[in-house]
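Please look at the structure below.

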Amino acid sequence: MKPFKIRLRFHGDLNVFLRSKAGDAVIERRLAEKTSIKDVIESCGVPHPEVDLILVDEKIVGFDHTVANDAKVEVFPVENHGTDRTEKRLQHVDITTFVTDGHLGSLTRNLRLLGFDVAYEQNADDRQLLEVMARENRALLTRDRRLLMHGIVQHGYCPRSQNADEQTIEVVRRFDLSESIAPFTRCLRCNAPLEAAAKADVIDELEPLTKIYYDQFRRCPGCKQIYWPGSHFPKLQKRIEEIRSRVRGKA
Ligand SMILES: [Zn+2]
């Protein structure tokens, strides 16, 4: 087969994945055999769950499109700014359940604090993460690009920031979660939805001052942890408000 040349331009923040010099969002690939556009894109370092729209010579294509001749390719990220998504997009945004890898413990707590269903095992290996993802139809959150490139991954996201609060804002934006935030409804330790608990039912397990000052309690049916709006509560509320306003402000 005659060798051919693919010229790819990566839009938005997809350049963070490129192995080439920073700021250079155009990559050329020389190929000698028919190749799927998904493989060409991933060979540049960009995991397929990050790709929302592909144009090959100005035509919209899917991941299974193959290239066999010179072509110009435009690759777009998921940009969910309330824009019209009726075009043929490759990613879903309406996902509310997640599985996080072992390095994202703080992000996991933040998302649970906002009420989201996040499966997390600190010591889970790649195979276990992918199993939970596929079995429970969760989106995979990981900074491991190789893992995100696994063929079985349908929905996923690589947090750009290393900071958990920033990561939280990124995830809420990426999956359009701001309308679904339900703070203090989920156990931060084990992810189970909390249940209201009568004071009489939990009073034996409370510290003396908590018994006096608080009347509203929730209990985790999973790990039995008791939650109440204690001294840490205003700080958590402030954090949630910050996340909300940052998401709204797109800043
Ligand atoms: Zn629990």
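Q: Which handedness does the crossing of α2 and α5 have?
A: This is a predicted model, in which local features need pLDDT of at least 70, side-chain atom pairs count only at pLDDT 80 or more, and totals for chains, interfaces and linings use all residues. Residues are numbered from 1 along each chain as its sequence is written, and side-chain values use heavy atoms, with hydrogens and water left out. Helices (DSSP runs of H or I, at least four residues) and strands (runs of E, at least two) are numbered from the N terminus. A crossing is left-handed if the near helix is turned anticlockwise from the far one by less than a right angle, and right-handed if clockwise; that of α2 and α5 is right-handed.

Q: Which residues of α5 take part in the contact with α2?
A: Contact means heavy atoms within 4.5 Å. From α2 come S106, L107, N110 and L111, and from α5 come A164, D165, Q167, T168 and V171.

Q: What is the angle between α5 and α8, and are they oblique or parallel?
A: Axes are lines fitted to C-alpha atoms, for helices over the stretch in contact, and angles run from 0 to 180 degrees between N-to-C directions. Under 35 degrees counts as roughly parallel, over 145 as roughly antiparallel, 65 to 115 as roughly perpendicular and the rest as oblique. The axes of α5 (residues 164–174) and α8 (residues 233–249) come within 10 Å and cross at roughly 50°. The two helices are therefore oblique.

Q: Which residues of α8 meet α5?
A: On the α5 side are D165, E166, T168, I169, V172 and R173. Their partners in α8 are R239, I243, R246 and V247.

Q: What area is buried between domain 2 and domain 3?
A: The bounds, from an automatic or database domain assignment, are 97–188 + 232–249 for domain 2 and 195–227 for domain 3. Buried area is the accessible area (1.4 Å probe) that two parts lose on being put together, summed over both. Carbon and sulfur atoms give 59% of the area here, and the total is about 280 Å².

Q: Where is F184 found?
A: Not counting residues up to four places away in sequence, F184 touches several residues, among them L113, R218 and F233. F184 lies in the loop between α5 and β12 (195–197).
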